[in-house]
Amino acid sequence: MTERPILFSGPMVRALLDGRKTQTRRIVKPPVSAAAEAEQLRIASPEGYRIHGYSGRLWRAFTGSAEHAVRCPYGVPGDRLWVKETWTEHERFTNLSVIVYAASQRQSWTEMHRDVPIELAKSKYPPRPMQEGWRPSIHMPRWASRLTLAVSDVRVERLQDISESDAEAEGVIIQGPPDRDGGRHFGVNGTQIDEKTAARAFRSLWSGINGPDSWAANPWVWVVTFEVERP
């Protein structure tokens, strides 16, 4: 079993905490040509994926051969991902450090903070009140993380192939009551998204994070399914 870090935005951390998010999609890098067929992406080994027989210029130029093993940077089933989120060390005492999390700032103090034994809290930053600002997620150390994701499945697919059920597994939620005709509205906590299907809400979310042209590019993505573990 291997542990790796993974970054999540505030709304997605909120979805993890609420038990609504059990999947994440991340772009396959280096990019796979849109001409590649789904059957050319197959599980080769526990270490990753292999593109079979693909003769596109990009892969030949990059690897010098028509085949190349593509390791998933988010692990394989059985591995764990520890979540990096916006945070700060709020206070430090003789025996413990108090960590607070931005995604929970409108929730109870019980959810918002975590006490870490001082011998584990090896922070290079001095403690500071929340009103002085948050520390970026990329700077979160392992000991400050409160969420761990147990990877249960990894696959590769095109971004636009997401299903309604998978869009809901990405953390999309139903907003408000149904319309008079029974239609539903979907969005994401903390965002101005209102769509008629979960897949369209996910498209809006993806474009907001990755740029207006990112959905149309329809890249190959890692689809990582997981279960949320808490300390």
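Two strands count as paired if DSSP finds at least two bridges between them, and strands themselves are DSSP runs (E) of at least two residues, numbered from the N terminus, while helices are runs of H or I with at least four. With that in hand, here's a quick tour. This is a predicted model, where local features need pLDDT of at least 70, side-chain atom pairs count only at pLDDT 80 or more, and totals for chains, interfaces and linings use all residues. Residues are numbered from 1 along each chain as its sequence is written, and side-chain values use heavy atoms, with hydrogens and water left out.

**The overall picture**

- You'll find six helices and 13 strands in this protein.
- Of its 231 residues, 44% are buried, meaning under 20% relative accessible area with a 1.4 Å probe, protein chains only.
- Take the contacts (heavy atoms within 4.5 Å) between residues at least 6 apart in sequence: 65% of them join residues at least 24 apart.
- The protein exposes about 12,300 Å², with carbon and sulfur atoms supplying 51%; the area comes from the Shrake-Rupley method with a 1.4 Å probe.

**The five-strand sheet**

- Strands of a sheet pair through backbone hydrogen bonds, either parallel or antiparallel.
- Here, five strands make an open, mixed sheet in the order S1-S6-S10-S13-S2.
- Strand S1 (3-7) and strand S2 (23-27) are at the edges with a single partner strand each, so one side of each has no neighbour in the sheet.
- From one strand to the next, the twist averages 45°, using axes fitted to C-alpha atoms and angles from 0 to 180 degrees between N-to-C directions.
- Inside this sheet, strand S10 (residues 148-158) pairs with strand S13 (residues 220-229) in the antiparallel sense over 10 bridges.
- Glu157 has Val221 in S13 as its bridge partner.

**The three-strand sheet**

- Another open sheet, with antiparallel pairing, runs in the order S7-S8-S9.
- Its edge strands, S7 (87-92) and S9 (113-117), each pair on one side only.
- Neighbouring strands here are turned by 30° against each other on average, direction ignored.
- Strand S8 (residues 96-101) meets S9 in the antiparallel sense over five bridges, and Val98 stands opposite Asp115 in S9.

**Helix H1**

- Six of the eight residues of helix H1 (residues 10-17) are buried, so the rest of the structure largely encloses it.
- The buried ones are Met12, Val13, Arg14, Ala15, Leu16 and Leu17.
- Their cover includes strand S6 (80-84), helix H3 (109-112), S10, helix H5 (198-210) and S13.
- Just after H1, Gly19 has a positive phi of about 80°.

Terms used: Buried < 20%, exposed > 50% of the residue type's maximum accessible area, 1.4 Å probe, protein only.
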